[in-house]
Amino acid sequence: MRNISLIFKQFSRSVLLVAGLVVCGLTAHAQTDAAKGEAIFKAKCTACHKIDTRMTGPALGPQLTQETDDAYLTKWIQNNQALIAAGNKKAVKIFNEYNQAGMTVFAELSDADVGNVITYIRADWKKIQDDKAKAPVSATPEDKGPSALVVWSLLGVIVIAFIVILVLNKVIATLERLLLNRQGLAFEEEAEEEKAPADRLATVKKLLKNKKLVFFIVLCGTIAMGSFSWVTMWNTNVHQGYQPVQPIKYSHQLHAGAMKIECQYCHTGAFKSKNASIPSLNVCMNCHKSVKTESPEIHKIYDALGYDPNTAKYDSTKAKPIQWVRVHNLPDLAYFNHSQHVKVGSIKCQTCHGQVQEMQEVYQYSPLTMKWCIQCHKRTEVNGKGNAYYDSILAAHDKIKKGEKVTAAVLGGIECGKCHY
Ligand code: HEC
Ligand code: HEC
Ligand code: HEC
Ligand code: HEC
Ligand code: HEC
Ligand code: HEC
């Protein structure tokens, strides 16, 4: 009997081993298929497709779940134009659905290659959906931070500890007094305590009689108060360092710094008008139609424009414009013109706004006081060479010298900016 069970054990072991090897081999095989597919997908398809969202072409995850005819899909991927030309109903339908955008022909892909791509897309889509199904359970507690229960119980512990300390203190004091009473020392201690305040009062009186000292203290007080109110008054309405929280976590450090997008790509007005202007969200959409489409911050742009990333359509009735919080704000009584400074004066944005390309969130770098404007006007040399405006002023000077007629127009009186804000 013992022998039989031994043999049986050995047999079952080897069967398990073989089975294990086969399973491993199969999964390894499947993995290489999906991996090959992924490589092809990344190299040839990502320009127009994503697995989970629509880009130029459909979101392939849902598309390949819906369309299960692999023979048709293979033909489509290898040569969609042949299918459309042959009048295949499905092919013509999707071609028209996507405004005849047209997909590239991939004649170089073998049937096996296409099979691998399809395997990869379906596997990845399944993974994305599985992750989504799991996500809410683990994500919500993280978002909420410490729960109210934790905060309250911590507070409770602190209060209880405090009470315990108080009670213990009382107990120790009573015990000490009892001990002292027993030794007949209590009265001595009380007497000492009474003597002390009288002593202190005497010292204060002595000090108050010292006139030099009193004068010195009053002087210090006046200087401190005076300089405090001086600084406060000068800084009223000066918002240097003001850094409001913006409705979208847009970063200049990323866009203007790391990605080196020119300032005037977004602030188009800076070179040609009074206002530098804040870009409309359509400027952001030039990239964010397809960049970071899954980010909740980017979805704020979509919501503001009433844009639906799945259909790539705008619905203006759903649009609710973003309200950026203004950082710089001169009072209406002062006229400041960007083009005058940036274009004519050739002053860099950074001279007045600081290293914006390194700021995660923009803040007011300069004080924007009248003193600030005036000081710079006193110090900055103007380059009048090759500038039509200054040339015309020089010409006017010559005319005045020669006693010729000079009109306001010659002095720049018909420049739009002289009369218009
Ligand atoms: C140049 C852009 C472009 C590239 C690259 C591209 N596609 Fe497409 N694809 C499209 C467009 C656009 C459509 C929608 C139909 C149309 O307008 O022709 C589409 C449709 C599809 C469909 C849907 C067909 C149907 O009837 O359901 C599949 C599947 C597909 N593409 C797979 C791929 C695969 C796989 C690759 C990479 C090997 C790829 N595409 C590369 C643009 C592209
Ligand atoms: C991709 C677009 C983009 C680029 C590039 C860009 N900005 Fe901005 N800028 C914005 C947006 C959007 C805001 C409004 C939100 C904010 O204040 O962060 C803004 C705000 C600002 C503000 C504050 C405006 C106010 O409310 O007073 C300044 C100053 C500024 N940008 C300067 C610059 C400078 C300088 C550069 C180049 C180094 C630059 N920006 C490049 C989009 C851009
Ligand atoms: C020239 C292309 C381009 C333009 C224009 C552009 N962005 Fe971006 N933006 C990007 C890229 C690329 C990234 C992602 C970088 C990365 O991979 O983290 C990004 C990232 C972001 C992020 C961070 C998203 C996240 O969750 O990490 C926000 C928010 C954002 N952009 C807002 C804006 C806003 C608002 C505008 C318009 C004022 C804008 N962008 C204009 C290319 C652009
Ligand atoms: C000589 C200083 C100076 C220079 C140079 C300068 N700015 Fe400004 N900028 C200001 C002042 C002052 C304001 C506030 C204007 C107001 O409130 O009317 C401002 C406001 C802004 C605003 C807020 C919107 C607006 O138009 O009022 C943006 C955006 C801005 N600047 C971007 C830029 C960019 C980009 C450059 C470089 C191309 C630049 N600035 C160069 C002084 C300057
Ligand atoms: C960084 C230095 C600098 C700062 C700061 C500055 N300016 Fe200027 N500003 C100039 C220069 C340089 C010119 C002359 C440009 C030119 O015509 O060549 C100028 C010209 C002007 C002009 C046109 C003057 C004319 O004769 O037509 C006005 C108006 C003006 N600035 C207003 C302001 C105001 C308002 C502020 C403060 C909010 C300010 N500037 C801050 C450098 C500065
Ligand atoms: C000498 C001052 C002056 C100059 C220079 C000037 N304008 Fe005007 N402009 C005015 C006045 C005043 C009005 C308002 C007239 C009215 O309401 O009947 C006006 C009205 C306008 C209007 C109509 C605005 C409206 O709401 O009806 C436009 C547009 C305009 N100007 C553009 C320009 C352009 C562009 C330039 C430069 C080529 C320019 N202006 C130069 C004084 C001037």
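**Entry 1: ligand 3**

I began at ligand 3, where one of its nitrogen atoms sits 2.7 Å from an N or O atom in the side chain of His 288. I count such a pair as a polar contact when the N or O atoms are within 3.5 Å; within protein, one must be able to donate a hydrogen and the other to accept it, and residues adjacent in sequence count only if both atoms are side-chain atoms. The model is predicted, so local features need pLDDT of at least 70 and side-chain atom pairs pLDDT 80 or more, while totals for chains, interfaces and linings use all residues. Residues are numbered from 1 along each chain as written, chains are lettered from A and ligands numbered from 1 in written order, and side-chain values use heavy atoms, without hydrogens or water.

I then looked at His 255, which has a polar side-chain atom 2.8 Å from a nitrogen atom of ligand 3. Ser 295 has an N or O atom in its side chain 2.6 Å from an oxygen atom of ligand 3.

How many residues surround ligand 3? I found 18, and the closest are His 255, Cys 284, Cys 287, His 288 and Ser 295. A residue is near a molecule or strand when one of its heavy atoms lies within 4 Å of it.

I traced the shell to helices: α9 (252-258), α11 (281-288) and α12 (296-305) each give at least two residues. The largest share, 4 residues, is from α11. Helices here are DSSP runs (H or I, at least four residues; strands are E, at least two), numbered from the N terminus.

I sorted the shell around ligand 3 by class and got 12 nonpolar, 3 polar and 3 charged residues. Nonpolar means Ala, Val, Leu, Ile, Met, Phe, Trp, Tyr, Cys and Pro; charged means Asp, Glu, Lys and Arg; the others, Gly among them, are polar.

**Entry 2: ligand 2**

I moved to ligand 2, which has 21 residues around it. His 252, Cys 263, Cys 266, His 267 and His 328 come nearest. The side chain of His 252 has an N or O atom 2.8 Å from a nitrogen atom of ligand 2.

A polar backbone atom of Val 327 is 2.7 Å from an oxygen atom of ligand 2. For His 328, a backbone N or O atom lies 2.7 Å from an oxygen atom of ligand 2.

Which helix gives the largest share of this shell? I found that α14 does, with 3 residues. By class, the shell around ligand 2 holds 13 nonpolar, 6 polar and 2 charged residues.

**Entry 3: ligand 4**

I looked up ligand 4 next and found 21 residues around it, the closest being Arg 326, His 338, Cys 349, Cys 352 and His 353. Arg 326 puts a polar side-chain atom 2.7 Å from an oxygen atom of ligand 4. In the side chain of His 338, an N or O atom is 2.9 Å from a nitrogen atom of ligand 4. Ser 277 takes part through a backbone N or O atom, 3.2 Å from an oxygen atom of ligand 4.

Helices α13 (338-344) and α14 (349-353) each supply at least two residues of this shell. I sorted the residues around ligand 4 into 11 nonpolar, 8 polar and 2 charged.
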